[in-house]
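Please keep the sequence and the structure in view while reading.

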Amino acid sequence: MFLDNTNEDRIVLGQQELSRYFSLFSHFTRLKLVQKVAQAGDAGFSHIVEVNGLHEGTVRSNLSLLKKHHFITGNLRSNQNLQYKINYEQLDRFKKLVDDYFELLNQNRFPKQVKQLFPMNAKIKNYADELVKQFETIPNERKVILEKISNYIRSKQEQNKPVNLVYICTHNSRRSHFGQIWAKVASDYFEIENVNTYSGGTEATAFNINAISALQRVGFNVQKTVNTENPIYHVYHNDGDEPSVCFSKVYNHPQNPDSEFAAIMTCSDAEENCPFIPGVELRVGTTYDDPKEFDNTPLQDEKYDERCRQIALETLYAFSLIN
């Protein structure tokens, strides 16, 4: 037996490993990806990017996570040519671990709730804990707007459908990325499942370094994965699970959903310059002052921190109303 009560360390290790696997396979998309790879065998194919109607970036992110934990092996040969295959030895090991888990559970030797292996970063968790105590500082007129987001999320849950939230501002460089990242944090903080967060703009620039620095001061681990004029960043709020993938893009970029989503307008310019957004189910204007006005001034960091905090506070409030 992989787990036994003769060695407490082995039981703890087994619980942690099982927790990782449950985290991986509790996601419908990842299950479908494994199924698609198994159906394709060792052949190169491109149809995998069409899984569950998801966009290529989302599928690629989930493939990378499965590969990281050795459930699949393979390479991205080109933008549209994916060649992967199943690591059946690892899947068999996973099945053995699950079988052992239930045997231990029946003997009352194992906790009934599998804890997540990837807890939220402690600094970010403490930051959020403090903010949820301050919901009364949000003006009532803002709460009315934010509750529209809450109602949308709840309605999608009732339909058993994914919740797709796209945060939009003009340059997709500051406020919209704050929204995308904090919505992902809020969904984890309040344990609201099947929430996908995105961002976009009316034009593409780059994820602003001052906004990145503000996130790092909160505790986020920000890693640049593609070094170009418009870099791609992975922003982690926990110890290694799925990051927020952030780079500047127009709101209708292929990375973003083209139907069944809520558009959350984080600046007045985007609200004015996007008179019509195809595929949107809900459009909400939660406009915020632009910290860009304080770039290269003594107030720069203070104003970016202030905007990051405001968006975090209001996003957490919206998600707090779901359950």
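What is the order of the four strands in the open sheet, and which pairing do they have? The order is β4-β3-β8-β9, and the pairing is parallel. The strands β4 (195–200) and β9 (280–285) stand at the edges with a single partner strand each, so one side of each has no neighbour in the sheet. From one strand to the next, the twist averages 20°. Two strands pair if DSSP finds at least two bridges between them. Helices (H or I, at least four residues) and strands (E, at least two) are DSSP runs, numbered from the N terminus.

This is a predicted model, in which local features need pLDDT of at least 70 and side-chain atom pairs count only at pLDDT 80 or more, while totals for chains, interfaces and linings use all residues. Residues are numbered from 1 along each chain as its sequence is written, and side-chain values use heavy atoms, with hydrogens and water left out.

Within the sheet, β3 (residues 163–168) and β8 (residues 261–265) run parallel and are joined by four bridges. Leu165 has Ala262 in β8 as its bridge partner.

Axes are lines fitted to C-alpha atoms, for helices over the stretch in contact, and angles run from 0 to 180 degrees between N-to-C directions.

| Helix | Strands | Angle |
|---|---|---|
| α6 (residues 140–158) | lies across β3, β8 and β9 | about 160° to β9 |
| α7 (residues 175–189) | touches β3 and β4 | about 175° with β4 |

Helix α5 (residues 122–131) packs with α7 at an angle of about 85°, and their axes are 12 Å apart. The two helices α5 and α7 are therefore roughly perpendicular to each other (a term for angles of 65 to 115 degrees). In this contact (heavy atoms within 4.5 Å), α5 contributes Ile124, Lys125, Tyr127, Ala128 and Asp129, and α7 contributes Trp182, Val185 and Tyr189.

The loop between β3 and α7 holds Thr170. With a relative accessible area of 10%, Thr170 is buried (under 20%, using a 1.4 Å probe and protein chains only).

Definitions and conventions. Parallel < 35°, antiparallel > 145°, perpendicular 65-115°, else oblique. Buried < 20%, exposed > 50% of the residue type's maximum accessible area, 1.4 Å probe, protein only.
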